Amino acid sequence: QQMSSTQKKQSDNIEFSQVDFSSLDKQPHRSILDHIPNLMKTQLTGNILMDEMAVWGMIHEQKLFESKDIKEMKSFIKRAVKLSLIAMVTGTVLNRRITKLKLRNKQFLDLSILVKLPIRLGIFTVAFYMIALNPLFKHFIRLHYYMNYKYSDRYRRFNEVGDPLIMNPLFLTDPSYTSEEAEVRKMLFERVRSQTMMMIMEGKEMEKMMKQQKNGNI
């Protein structure tokens with residue numbers, strides 16, 4: 001279902017910090033997969049998350065994301081590394097401290113490996129879940145929703161006309177680019193546009209052939 005012009009304008013101009021995630025579970029699901037070209041559909045694995053990541057990766061390779069959204073993705077990766085390290089250190093410290101504990105008048109180190117191992121693993125698991133996994137999962141869900149909300153309709157329009165500026169209006173004029181990056185962007189712009197236009201034409205030819213085959217079978 002296509003968005004109204006007002007919704008489209010809102011999604012085009014939105015930033016991650018502006019999104020209201022309080023009613024996230026009530027929002028209709030949007031996916032970039034809803035708008036991929038027919039030629040790409042044959043390459044889907046059936047795993048929605050993996051397929052979406054593959055499409056996002058392709059879009060990232062083509063430099064079609066706005067620079068502020070690339071920063072959001074990099075920020076998530078940095079946070080994931082940071083929280084994972086904190087969780088590992090916390091789990092290690094807690095595991096070292098329990099060596100001084102006594103259970104039923106026995107030192108922890110004197111207990112059977114069948115008792116110690118589950119306790120140590122449990123401490124690591126709880127620390128990793130509380131410190132890293134839980135907050136990172138929430139962050140990922142919000143980032144995933146934001147990217148689909150912002151780029152899904154852009155991707156549909158991009159695959160209709162092949163203009164990279166639909167995906168990223170600042171593709172050629174982002175003030176953060178150096179002069180060298182700006183020159184590279186100009187060459188990339190033409191390459192992405194020509195490749196996308198070729199895919200659009202091939203997709204139309206495929207649809208035409210399928211219609212002819214369907215009519216021939218009637």
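Q: Buried means under 20% relative accessible area, exposed over 50% and partly exposed in between, with a 1.4 Å probe and protein chains only; on that scale, does Asn95 count as buried or exposed?

A: Asn95 has 4% relative accessibility, so it counts as buried. The structure is a predicted model, in which local features need pLDDT of at least 70 and side-chain atom pairs count only at pLDDT 80 or more, while totals for chains, interfaces and linings use all residues. Residues are numbered from 1 along each chain as its sequence is written, and side-chain values use heavy atoms, with hydrogens and water left out.

Q: Where is the place of Asn95, and which residues does Asn95 touch?

A: Asn95 belongs to helix H4; helices (H or I, at least four residues) and strands (E, at least two) are DSSP runs, numbered from the N terminus. A contact means heavy atoms within 4.5 Å, and, with residues up to four places away in sequence not counted, Asn95 touches Arg120, Ile123 and Phe124.

Q: Which elements does the protein chain have, from the N terminus on?

A: The protein chain contains seven helices and two strands, and their order from the N terminus is α-α-α-α-β-β-α-α-α. Of the contacts between residues at least 6 apart in sequence, 71% join residues at least 24 apart.

Q: What span is expected of helix H3?

A: The expected span of a helix is 1.5 Å times one less than its number of residues. Helix H3, covering residues 48–61, has 14 residues and reaches 20 Å from its first C-alpha to its last, close to the 20 Å expected. For the 31 residues of H4 the span should be 45 Å, and its end C-alpha atoms are 45 Å apart, which agrees.

Q: Which residues of H3 are buried, and which exposed residues does the face turned away from them carry?

A: In H3 the buried residues are Asp51, Glu52, Val55, Trp56 and Ile59. They cover an arc of only 135° around the axis, and therefore lie on the same side of H3; the arc is that of the directions from the helix axis to the C-beta atoms. The face turned away from this buried side carries the exposed residues Met50 and Glu61, while the cover over the buried residues includes helix H2 (38–41), helix H5 (113–161) and helix H6 (164–167).

Q: Which residues have the most contacts inside the largest nonpolar core?

A: A nonpolar core is a set of buried Ala, Val, Leu, Ile, Met, Phe, Trp, Tyr and Cys residues joined through side-chain atoms within 4.5 Å. The largest one has 29 residues, and those with the most contacts inside it are Ile32, Val55, Ile59 and Tyr155. Two or more residues of this core are given by each of H3, H4, H5, H6 and helix H7 (179–217), and H5 supplies the largest share, eight residues. Residues that Tyr155 touches include Ile32, Val55, Ile59 and Met167, not counting residues up to four places away in sequence.

Q: Which residues of H4 are buried, and what does Asp69 touch?

A: The buried residues of H4 are Asp69, Ile70, Phe76, Ala80, Leu83, Ala87, Gly91 and Asn95, and what covers them includes H3 and H5. Asp69 has 1% relative accessibility and touches Tyr146, Met147, Lys150 and Tyr151, not counting residues up to four places away in sequence.
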